[in-house]
Amino acid sequence: MTQLLDQIAAIVGPKGLLTGEDAAMRAADWLGLTTCQAKAVVRPASTAELSAVMKLCHAAGQGVVAAGGLTGLVHGADCTADDIQISLERMRAVEAVDPVGRTMTVQAGIPVQAAQEAAEELGLRFAVDWGGRGTATIGGGISTNAGGNSVVRYGMMRDNVLGIEAVLADGTVVSALNTLIKNNAAYDLKHLFIGTEGTLGIVTRAVLRLHSAPQSTNTAMLALNSFGAVQDLFVTLGKRLGSGLTAFEVMWANFYEPLAVNSGRHNAPLPAGHSHYALLEMSGNDPDGDGALFERVLGDVLEAGIAADAVIAASQAQAEAMWKVRDDIEGLYHYCMPSATFDVSLPITAMERYAAELEAKARAEFGETTKIVVFGHIGDGNLHIMLGAQPFTDETRHRIEELVYAPLGALGGSISAEHGIGLEKRDWLHLCRSPEEIALMRTLKTAMDPKGILNPGKVLA
């Protein structure tokens, strides 16, 4: 191993290789609760350097785990003492922006927020967005096909990536930096690397699809007294606002009240006492008319009895305060841990019964002190769930996973809406993927990584 690391050091230089205490002191998760277990951390400064490193690792049969901003929640970037971690933190450049074709070429280590800000400087928007934007990287978002807060209008990461460059297990560089929206020339190879969690190759550069930045943004929070009202609200907004609806986030009372009202971390936009709280965002290109339309639609919603209460942000600061409630995952962890965290998708019409039955079963089995929190991107069928019970043992976690995952198959749902599979969900994949699908996944893995060195053990058991 010393010989391999010496060879890697000769490629990436003294800044590009961390070993010993320098590697062990690095965080292994976004909360800083664990530290890196890899024998070494390699930080290439270019695709060429990573290619050369992968050739050495492939020849040696050395396991390699690519890590982005470590904001993932399924242990998809966990390392063992036998692994080498690859970090693209030295590859953060914006290489090109085409304001006419609305594309941006970036290196994969760039944080999502930095890419967003580079687009904003030119009056454009990179629309994929989630709470960890300041830490999460473009490469990590591509590897998990991240979604986030604006999927209801702009889609997932897959919908916002036009081209990629990736390094395969044997060091081969596949450069498919397509900048065209329409390019139907045979296989679209970028999809081999989007959502496959670094198991088929490591993305080093990407062409991102941009959109014109909106000229106005209006934000509001509504209180509702039933999930039926949530559905009615979503249908009404779809009809009245159309594509102007850029976010439709819903928090059950078991999320909103402990976090927004009781924690002391926020000034609650609305009082407690309602079953659901919806965070809405409308974006448009008519600064004079959009606000009036937004107010008129919400007024009609209140008059029709769909919503029980509402507050419209009167400033950017007020809008940000509303979003801080929804994005306060750190506060949520402090409230709910120890617990198991879930990211599932299912038809919107099935959500009310699913959530209610899950809570009833959990309380019946683990007692009334069980903590359950439900929230999510309801507009695109995505629920986030945290469920904790004491004592929180491995057996408790497994049983909670059974309660959450088992009903999804019959509902046409998925065990992962946007977080990926990693290690945490690997053994449950069969609940939402057929044997034929999983067999084809194994075929692709074997063909592209015959020695199994890329993110070993993740996704497929």
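## Basis

The model is predicted: local features need pLDDT of at least 70, side-chain atom pairs count only at pLDDT 80 or more, and totals for chains, interfaces and linings use all residues. Residues are numbered from 1 along each chain as its sequence is written, and side-chain values use heavy atoms, with hydrogens and water left out.

## Overall build

The chain holds 15 helices and 18 strands. Both are DSSP runs numbered from the N terminus (helices: H or I, at least four residues; strands: E, at least two). The radius of gyration is 23 Å, close to the 23 Å that the globule rule gives for 461 residues, so the chain is as compact as a globular protein of that length. That radius is taken over C-alpha atoms, and the rule is 2.2 Å times the number of residues to the power 0.38. Along the principal axes, the C-alpha atoms fill a box of roughly 70 × 55 × 45 Å.

Of the 461 residues, 51% are buried. Buried means under 20% relative accessible area, exposed over 50%, and partly exposed in between (1.4 Å probe, protein chains only). The chain exposes about 19,600 Å², and carbon and sulfur atoms supply 51% of that area. Accessible areas come from the Shrake-Rupley method with a 1.4 Å probe; for residues, only the protein chains shown count as cover. Among contacts between residues at least 6 apart in sequence, 72% join residues at least 24 apart. Contact means heavy atoms within 4.5 Å.

## The four-stranded sheet

An open sheet of 4 strands runs in the order β1-β2-β4-β3, with mixed pairing. Strands pair if DSSP finds at least two bridges between them. The edges are β1 (17-19) and β3 (64-67); each has a single partner strand, so one side of each is left without a neighbour in the sheet. The twist averages 25° from one strand to the next. Axes are lines fitted to C-alpha atoms, for helices over the stretch in contact, and angles run from 0 to 180 degrees between N-to-C directions.

β1 and β2 (residues 40-42) are antiparallel, joined by 3 bridges. Thr19 has Ala40 of β2 as its bridge partner. Helix α1 (residues 2-12) packs on this sheet and touches β1, β2 and β4 (84-87); its direction makes about 145° with that of β1. Helix α3 (residues 47-60) also packs on the sheet, touching β2, β3 and β4, and its direction makes about 165° with that of β4.

## Thr204 and strand β10

Thr204 lies in β10 (residues 202-209). Thr204 is buried, with a relative accessible area of 0%. In β10, 6 of the 8 residues are buried.

Two strands run antiparallel to β10: β6 (residues 103-107) joins through 5 bridges, and β8 (residues 161-167) through 6. Gln107 has Arg205 as its partner in β10. Gly163 stands opposite Val207.

## The seven-stranded sheet

Here 7 strands form an open antiparallel sheet, ordered β15-β12-β14-β13-β17-β18-β16. The twist averages 15° from one strand to the next. Helix α12 (residues 348-366) packs on the sheet, and its direction makes about 5° with that of β18 (382-388).
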